[in-house]
Amino acid sequence: MTGSRIVLPDAPSIVAGHGRAAIFTTDGELLLLSSAEAAARLRNLPPPLLVHAPATFRRLGLRGGPAFDLLELFAFVLPARPAAPTPRGLAMALDFEPRAGLEAEAALLPELAAALLHRLAQGRDTALNRDAAGLATRMGQAGWGWGPSVVAALDRPDARPSSEALRVWKLLPEWEEAAPPPPPSSLPVAEAEARSRLAAMLGPDAETRPGQSDYAGAAAAAFAPRETRGDPHLVLAEAGTGTGKTLGYLAPASLWAEKNHGGVWISTFTRHLQRQIDAELTHLFPDPFERHKRVVVRKGRENYLCLLNLEDAVAPAVSGLSPAALIPLALIARWALVTDDGDIQGGDLPGWLTELFGTGTILGLADRRGECIHAACPHWRRCFVEHTIRRARTAQLVVANHALVMTQAAWGGLDDSQVPSRYVFDEGHHVFDAADGAFSAELSGLETAELRRWLLGAEGGRSRARGLRRRLEELVAARPLLEAPLDAAVQAARALPAPGWGGRISADHPELGGTEPGRPNPTEAFLREIRHQILARAPGDDAGRGALECDVFPLGPRVGEAAERLARAMARIAEPVATLRERLLARLDEEADDIDAATRNRIEAAGRSLSRRVLAPLVAWQNMLHALGEPGPRSAERPDQILFLHLTRADGGREIDVGLRRHWLDPTIPFAASLAAPAQGLLVTSATLRDAGDVDPETAWESAEARVGALHLPSPAIRAAVASPFDYAAQTRAFIVTDVQAGPGSSPGQAIAQLAAAYRALFVSAGGGALGLFTAIRRLQAVHARIAPELEQAGIPLYAQHVDAMGNGTLVDIFRAEEESCLLGTDAMRDGVDVPGRALRLVVFEKVPWPRPDILHRERRIHLSGGDPKAYDDRIARLRLRQAFGRLIRRATDRGVFVLLDRQTPSRLLSAFPAGVTTRRVGLAEAVKQTREFLGQPLSA
């Protein structure tokens, strides 16, 4: 430490709330000002010290400006470390005692900066910081204000600017190829073994939870040997909140993997649960090195840092063509040296880094467009994706998401032919929705334009997009049998929408893009015709807000002709691509003795890409277009698939996309056929599999089985249910407020005013720690604008989806860290939030979450409701309410209040709440009073 100096910038500190802000001047003066006054004061001060510049400037009503953002310093000093992006969150991450109030937090910021620089000084001799001084000097040249402070802490005043540390691909370890693993054996996991493994994972001092042990024993049945091909063991296990189901199923899953030398794939719907499972696995593998070896979190390629994209981005940043990009790229490079797996979306890269520098800057470094060149890439042997693929082959437990797992099953593998035989689907109540997304198809402007870009590459502009010719040039060069179909495919791809298609398909635009002079682009012509049909027939908002959709049949007079032309154009793309793929793969046999391993890998990868990114969508689109030429379905006929037209619009009426969509009426049919039937065992689990509104328990189970595809398998599912250990009667209160919703004659402004007043009063009565849920984004934004300043005055910070310059994960991290804060959100917050303790003690739901009344829901409630469409709607609403209520109590010591601000809530929906919960219909004043009393808040709150 000798010689290191802590040099802080000569800058004021600022912490902004809603409507006011605190400034701590360099003279030690603390100022509490209105937002407008603080913004005016900043204009005459040096760049400030702050936390999360975009969010701070937005609250001050400023567009932005130079600043010393502590988050940037944190990312440099402690890359891959989590921290909520607030003064309190940074304080907790640095082992400081958090301070309450804007003034106290503003005064704390210089101390946090000094602490970070001190940590950097302590670690200046580590491998991570070997080139840090030269990098910081180079970042300083690019405008990074922290540069001199970092160089001083590292005691390198003579450091010369260096960009070498940006070239992180030279420093990363290479993966080593290994023999493919043999198939797993089929030894069962006995119920007693599962219970014993669970006890060992928990340790002798763990709290005794008989329900958890019972659950683990029941889950073991999913790991029995399969007796008949196509007839897997399917266990449906409902585990009430607090059962401890994660460790409950990890016990038999890990034991089966260990005994049989195979892997179990654990699938979740939300990223948060993936992180939670990864954390729970410390009980099984406390040693981080062992855990890294045996457990893999697997995601799609678009989630990982692409080293070739990083190299492409670094070159202009270093040369000075885009100096502003150098700072985020330098922070990414430092993170890449210490990351666990290179995941830049939901991994150990802080989500707020994307918020600071823009989505395009950070997420653009991933292979989001499917342009990987595999073994032709100079960084292939250091690639994060390739590392993860190889780890997954030998891992005991692979944690993934529903969409990826279903896609893998449909394709017969992801990056290889590996398909699991054992699955656990946590958050099993989302299997239906996940399958709906995975097995649907969309022929739209954006989808077809993306295929054109994938085939042709960038057509002007500054895009780095590589076309098919460039990606395959080394494989097809000087091979006429390969060059000919490649040339034909590239030429035919010009029938797809050209750049600028969105403006041309409007009815008042005279010209469409063309494949050749005088011939309009067939895709754009089709899109124009279906857009015309949607606008003519769709009921919707004449002001131009929200999505519009309409039925396909009866078909518009010119849509059928346009569809026929487009189908022929797509066939002209598919035929040469199929030929190219066939001839490429033929090289593997014809030149088997001469092809090296890298070339073989490239050819196999190219074959997969052509099949999945070109042929599969083209086949689906051609089938959809041919269906338009067939007679429409009869009204009473149950269709297998639903076709409809959809126009996506942003607020203000700006059109984003238009297309033809196809969904399975029952998406669990392809789920069962492609994933469940080939598997040997599946466990589908959730706290909300069954609908408590079904009076007959058998009916409740049958409904749950229908939602996960169990009815499409030969043998019946094995059912198990473990009740929640929580005493909901003592731990919770539930109210339906009867005097908030405005009457039929009320204006929208009056309704929002009543709604905002209710949220404000309830949030204050709880002293914060509240989650406000909405079914519409515009109402959320309107309520936020009305209540945020008043809550700030009461010492309650308010955060919101679609308002704050932060992603959902960041918002939840802040909400969890700041016990007095409140959070407003929509569906993602209802399903994906796990906030135990006092940080979440009140849930306020704006209205009953009825299903969206769209065409797809209309068909499903007719054909999947068993003749009772009303009960179908009720079941969906009850399960959503049950999920929302489940956010409230996560531990035996939690207490919480659930409030529904919908006086028209039918009593038949109240069975959504757990046994013991008594729902009271009261006025707002009474709900506020009882909330305050139950949560122990003083009357002055």
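Biologist: How many salt bridges does the count come to here?
Modeller: The count comes to 51 salt bridges, and please keep in mind that this is a predicted model.

Biologist: Okay, what do the side chains of Glu 386 and Arg 301 do?
Modeller: They meet in a salt bridge, at 3.1 Å from N to O. Glu 386 lies in helix 17 and Arg 301 in the loop between strand 8 and helix 13, so the pair ties together parts that are 85 residues apart in sequence.

Biologist: Is Glu 386 buried or exposed?
Modeller: Glu 386 counts as buried, at 4% relative accessibility, and Arg 301 is buried as well, with a relative accessible area of 15%. Both belong to a network of salt bridges that also links Glu 177, Arg 390 and Arg 393.

Biologist: And where do Lys 929 and Glu 933 lie?
Modeller: Both lie in helix 36, 4 residues apart, which is about one turn of the helix.

Biologist: Switching topic, which residues of helix 8 are buried?
Modeller: The buried ones are Ala 194, Arg 197, Leu 198 and Met 201. Seen down the axis of helix 8, they fall within an arc of 100°, so they line one face of the helix.

Biologist: What do those buried residues pack against?
Modeller: The buried residues of helix 8 pack against helix 9 and helix 10, whereas on the other side of helix 8, Ala 192, Ser 196 and Ala 200 are exposed.

Methods: Residues numbered from 1 in each chain as written. Predicted model: local features only at pLDDT ≥ 70, side-chain atom pairs only at ≥ 80, totals over all residues. Heavy atoms only, no water. Buried < 20%, exposed > 50% of the residue type's maximum accessible area, 1.4 Å probe, protein only. Helix = DSSP H or I, 4+ residues; strand = E, 2+ residues; numbered from the N terminus. Arc of directions from axis to C-beta. Contact = heavy atoms within 4.5 Å. Salt bridge = Lys/Arg side-chain N within 4 Å of Asp/Glu carboxyl O.
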